[in-house]
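Welcome! Open the structure in your viewer, and let us walk through it one selection at a time.

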There are 2 protein chains.
Amino acid sequence: MGLKALDYESLNENVKKVQYAVRGELYLRASELQKEGKKIIFTNVGNPHALGQKPLSFPRQVVALCQAPFLLDDPNVGMLFPADAIAKAKHYLTMTSGGLGAYSDSRGIPGVRKEVAEFIERRDGYPSDPELIFLTDGASKGVMQILNCIIRGEGDGVLVPVPQYPLYSATISLFGGSLVPYYLEEGANWGLDVNDLHQSVAQARSKGITVRAMVIINPGNPTGQCLSEANLREILRFCFQENLVLLGDEVYQQNIYQDERPFISARKVLMDMGPPLSNEVQLVSFHTVSKGYWGECGQRGGYFEMTNIPPRTVDEIYKISSISLSPNVPAQIFMGLMVNPPKPGDISYDQFVRESKGILESLRRRARIMTDGFNSCRNVVCNFTEGAMYSFPQIRLPRKAIEAAKKAGKVPDVFYCLKLLEATGISTVPGSGFGQKEGVFHLRTTILPAEEDMPAIMASFKKFNDEFMEQYEDYRSYSRM
Amino acid sequence: MGLKALDYESLNENVKKVQYAVRGELYLRASELQKEGKKIIFTNVGNPHALGQKPLSFPRQVVALCQAPFLLDDPNVGMLFPADAIAKAKHYLTMTSGGLGAYSDSRGIPGVRKEVAEFIERRDGYPSDPELIFLTDGASKGVMQILNCIIRGEGDGVLVPVPQYPLYSATISLFGGSLVPYYLEEGANWGLDVNDLHQSVAQARSKGITVRAMVIINPGNPTGQCLSEANLREILRFCFQENLVLLGDEVYQQNIYQDERPFISARKVLMDMGPPLSNEVQLVSFHTVSKGYWGECGQRGGYFEMTNIPPRTVDEIYKISSISLSPNVPAQIFMGLMVNPPKPGDISYDQFVRESKGILESLRRRARIMTDGFNSCRNVVCNFTEGAMYSFPQIRLPRKAIEAAKKAGKVPDVFYCLKLLEATGISTVPGSGFGQKEGVFHLRTTILPAEEDMPAIMASFKKFNDEFMEQYEDYRSYSRM
């Protein structure tokens, strides 16, 4: 018999082309080792609760009550739940048509989308239209949906930062488009140079590719930099000149670990710039309940907001959302709670502030411990994590190590990360999974291990790295800085 | 300035081609009317809780506790939750790595997948491998993922029943494949004639299309028929001969309203047939927490099980799942609870049985009330809903109505359903959204309105239909039967 449709050889080639290192070779090996009983520290993905971060109490109380609405009629409910959680649960249940078990509108519950719009307005100082906000099963699903609308074939290019979070490269491959890289400058704190963007577009054009969209990740993943307002203005001007849709991945907007460059949204900068840009540049911004001090990854909640997208396109996006009927409803409630948290005077306010501040301040300290830990190794250099949840140190690998990797049939940073995993249980992602300049090697780790474990983890890393260097250093050559 | 990437004219053409009537013109108009204050009965989509079906208590108690695990340490927890719900919550929390807020493995929590495998083994009498079961955000997402792997371009065809649930037509359009229809026989209780399948394949081939897969929906949506074992054997033999992957949409397997043809899974029939079929025919089966007596649509939980799919393909599907990191975790717990419900002797067993039986028995009665109601109209004929959640009556439209529709720029059944909506608030889906033979018209409604409302709804339908006929009947011609 001939090949069958689900035999490997006859699969959709775009599916086969996809690469997704965050759950790639390293993760698979780590999972195997875990099965064999080895203790693994999963720092391959920004998954705070998996590393012991406690969920915020208030939103969990509210969603628990929404899941069990019959408790609201129980005279004992006040023994387990505070009154403001009970009131909030009622507030959200009223917005649904049938509770958490009913499909919502495919764009999400109107009342929650209104709360998101109000949040955006408070944040940016410009009104936001709930009709242009769609709730999604996590931000990734939103990104995939928008790219699906944009990409018509391999002649369509999307500018993506390198290094980048591989959601973008994977999705562009899956939909058969072309990734057009622009490089972030490691030596300039992973800054974005707009002159390079023009070059990237020109280069793509010379290959017959029409660049249609640009992705920014702010704060950066895996690079952790925060874009300045001036930089965002340049980017928006560039998108205007080149007629590009800007996709603003702003999922780490609450994860800021320095005071010089607070988060500023692409939308605010665009509105500040005024016409013609403010009513011409097409922008889609993404947010999530998975990051910030929430870390509610497993709930899969997100939204995207569209700016300057014409109604007919919004209708098309709505239609595509409808094929899978609705984003999951519990996560929509989490989104409502995230954009509309307890206020001063509410019973749960103090606890909420204490918990959320505790998480953010600890993350800030952990970012510092990790950066310093990496920089204390003679062959490692690491920019400070200004925002997001990752550290992305450059590992200078000796020639002997690169040769050994080659012999083992591995990319050098994969080789290094595998050895690190086997020796220490630390599960990272090799820099090659994100893209990096030729001959330079990195790894990405989250800054999420518990703060009290952090010194031991960094010591374990340093010990491994020292031994690795001892084994492979040839006192002659390094990979270039 | 030229067109921008998200201007309608420059969108991905496949996106524009998608049609999805379940949330189409009728639904949009119904939503408008609702905003204007009109009472709408949303029977356009199988969304039981939206029409007043109460969620089962036990699973909601368990998931509420999983959302608020701190309650498990509260000495008062027993005042609100039964002991077996507390034990189950602990059972599932132990399976997660970080509770509901942590991403699970992209295929779903291993422990839940094991419970699904055990359920399948109990149901079919053949062992099932958890490694070949992937949990998904609802069954639709699983179907989309598998079709994405299969479809390489418009030369790839997928056999889809007509009438069909438009998830299939929409997804095939979105991925740029070709839908190859096979017609269900309304006069034979929506039966499937295998001879027609051969014809469909031959016809597709003559157009240069390679048919690669076949979809069956059993019990049928929108048609409600249950496939017999003999019929399933013929289908599987046909797939074997033609080298087709069979996609078995079995989401309504618990919704059976007659005793002659109980549900039997495609997988059981395949295994019963033995080699060479049982180890050759590629089969992917889909299931969900949204249907049955659960109706937990808003949670978005589903799974697919793969049979005879080679490991390299499974790896590719795993990779694609990983791009969006993990299905939502709360719904994974619902899935665990669905396949592993309370057992005799458990504290919550009696309540669980009472609730679930109550729902199923009422659905069975409602299926009968609705069929009879439709058949009591002189120009309506309707097969009995043997399973699933829908009634799909044929409406014989007079020529004058067809002409009036034409004048209004509407497909005749859309015209009829819009008038029905405006007159009665009943929101249905026109048969044209599912596909039907030329010149024959239907509508789909769910059988989900509350049982006590059903007589009034059917009376309201009959009154509308009588008046419609009075207005348009010309005593000369009908659309053909």
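Two strands pair if DSSP finds at least two bridges between them. Helices (H or I, at least four residues) and strands (E, at least two) are DSSP runs, numbered from the N terminus. This is a predicted model, in which local features need pLDDT of at least 70, side-chain atom pairs count only at pLDDT 80 or more, and totals for chains, interfaces and linings use all residues. Residues are numbered from 1 along each chain as its sequence is written, chains are lettered from A in the order in which they are written, and side-chain values use heavy atoms, leaving out hydrogens and water.

Start by selecting residues 156–162 of chain A, which form strand 3. Seven of its seven residues are buried (under 20% relative accessible area, with a 1.4 Å probe and protein chains only). On one side lie A:Asp156, A:Val158, A:Val160 and A:Val162; on the other, A:Gly157, A:Leu159 and A:Pro161.

Now show strand 4 of chain A (residues 178–183), which runs parallel to strand 3 and is joined to it by six bridges. Look for A:Val162, whose bridge partner in strand 4 is A:Tyr183.

Finally, display both chains. Chain A superposes on chain B by a rotation of 180 degrees with 0.0 Å of shift along its axis (RMSD 0.0 Å), fitted by least squares on the C-alpha atoms of residues with pLDDT of at least 70 in both. That is the relation of a two-fold axis. Select A:Ala64 to end: its C-alpha comes closest to the axis of the residues of chain A, at 2.1 Å.

Methods. Buried means under 20% relative accessible area, exposed over 50%, partly exposed in between (1.4 Å probe, protein chains only).
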